[in-house]
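Open the model in your viewer and keep the selection tool ready. The tour goes from one selection to the next and says what is there.

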Amino acid sequence: MSIDLDDKIPNNVDLSSDRRLQKALEAWQPNFKAWWMDMGPSSFQQDQIYLRTAVSVEKGGWAHYDYVKMPDYRWGIFLAPGAAEKTIGFGDHLGQPVWDKVPGDYRKELRRIIVTQGDTEPASVEQQKLLGKCAPSLYDLRNLFQVNVEEGRHLWAMVYLLHSYFGRDGRDEAEEMLARRSGDADSPRILAAFNKPIDDWLSFFCFTMFTDRDGKFQLAALAESGFAPLARTTQFMLTEEAHHLFVGQTGVNRIVQRTAELMKETAGDVTKQGGIPLEIIQRTINFWFSASIDLFGGEDSSNAASYFAYGLKGRYKESSSDQITDHQALEGAYTLDTVQDGKVTSAEVPLRRAMNELLRDAYIEDCQKALAMWNKTLSSVGVSEQLTLPSHRFNREVGAFAGLPINPAGEMMPPKKYATEQFKWLPSAADRAYVQSLMVPVYGPGQFANWIAPPPKGINGQPVDFEYVKFH
Ligand SMILES: [Fe+2]
Ligand SMILES: [Fe+2]
């Protein structure tokens, strides 16, 4: 399973043994690079960034740290070492051998799953394109670029699957991945959260906290797949994804810490010292959390039931959790939150139809842990206010609660009252303008913008004041 880094395309899939595939991917490579130069980080492409690169897929030994210019990053194709189960772990094909080729009956569904996942990867790079110009420190600048190059690699991972298993239409889909643009009116990215602008660092940290975390749960469900190449690809992506979540969770935590310190110093009004008020942090959490839980899809979903029945997409920890013993999920029901006659109510659906909701539940539980960390930070500085997660019914664009006037407590409100009070719960134009006014670059080693606390330690054992980016 060693990775051949000298290959034009680094890989551990023995690419050179399949000349046709190799040629197809080598033909896509210049298009990817052209997309990266056009839509990847603005400026900084000639600078030396202290980045990790995958050099092996073995646990603990896969990350190699060094200075790299981003265009020279070794984007490649890495599958986890045979970790995939040998038999399908759930659904109608439970216990049958896993598929090494695309099962013909499910080709359309598999392609859709891979394209939808793949599309999010370049989308987030596009959304974050301008953030380098206002980074609060070299440490953060480096983390942004690490996330960006790895999202580029995740695109490679999905494009590899499309090229190797879907023939002509797979190649077409791979081209489309480079043609759609985040936020574009004519050719947007597939999912809504990936078309929303990220133009300040509070939004970036909330995005990597909440939206990348959706990615973690989607990838984890796909890592259970009966289609073995998808399972092994996503398993390795998850190891990279962990860092993105770290960047988000600790990034928000550092802002919360600084805000709390400034609240103490300024007797409340942190804007006097260029801090970000807690209310703006809360509203930005509300915005990205609600946009991210939309990504799980409708509560009662026949598509989700099919993906599970076919063995394409499992539950979170389907194969490893002691809690999950019935891997067919034919028995049992799930009580969902829904809306009837304009009122919030509950409805029982067969378990398989609730797969989106089960994944969303696991996700929300994970988010609560981060909230607990941030609230601990507030208390430890002596601030009594706390941050909260809004109800999963709040500000939804997808599913039973889409477009309804529901407050963060999850209660239905008279539409007019909701319209006038909404600004209390979601970032206003003034909030965005204020946060934007703080976005000035801080590029001195060991220096940090005043609205964010330094991290407790650096990357890969390096000191916090390490020169994480060397400008050319
Ligand atoms: Fe990703
Ligand atoms: Fe990510």
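Select α6 and α9 to begin: their crossing is right-handed (right-handed means that the near helix is turned clockwise from the far one by less than a right angle, left-handed that it is turned anticlockwise). Helices here are DSSP runs of H or I with at least four residues, numbered from the N terminus. This is a predicted model, in which local features need pLDDT of at least 70, side-chain atom pairs count only at pLDDT 80 or more, and totals for chains, interfaces and linings use all residues. Residues are numbered from 1 along each chain as its sequence is written, and chains are lettered from A and ligands numbered from 1 in the order in which they are written.

Helix α6 covers residues 228-266 and helix α9 residues 355-381; they pack at an angle of about 25 degrees, with their axes 9 Å apart. Axes are lines fitted to C-alpha atoms over the stretch in contact, and angles run from 0 to 180 degrees between N-to-C directions. That angle makes α6 roughly parallel to α9 (under 35 degrees is roughly parallel, over 145 roughly antiparallel).

Now show the residues where they meet. Among them are Val 252, Val 256 and Ala 260 in α6, and Met 373, Trp 374 and Leu 378 in α9. Contact means C-beta atoms, placed from the backbone, within 7 Å. The contact of α6 with α9 has eight nonpolar, four polar and two charged residues (nonpolar: Ala, Val, Leu, Ile, Met, Phe, Trp, Tyr, Cys and Pro; charged: Asp, Glu, Lys and Arg; polar: the others, Gly among them).

Next, select α2, residues 107-127, and α3: their axes come within 8 Å and cross at roughly 155 degrees. The two helices are therefore roughly antiparallel, and the crossing is left-handed. Residues that meet include Gly 118 and Pro 122 in α2, with Gly 152 and Val 159 in α3.

Stay on Val 159. Along with Cys 206 and Ile 255, Val 159 touches the most other members of the largest nonpolar core, which has 109 residues. Such a core is a set of buried Ala, Val, Leu, Ile, Met, Phe, Trp, Tyr and Cys residues joined through C-beta atoms within 7 Å. Helix α3 (residues 138-165) gives the most to this core, 16 residues.

Last, select Pro 197, in the loop between α4 (167-179) and α5 (201-222).

Technical notes. Buried ≥ 20, exposed ≤ 12 C-beta atoms within 10 Å, placed from the backbone. Parallel < 35°, antiparallel > 145°, perpendicular 65-115°, else oblique. Contact = placed C-beta atoms within 7 Å.
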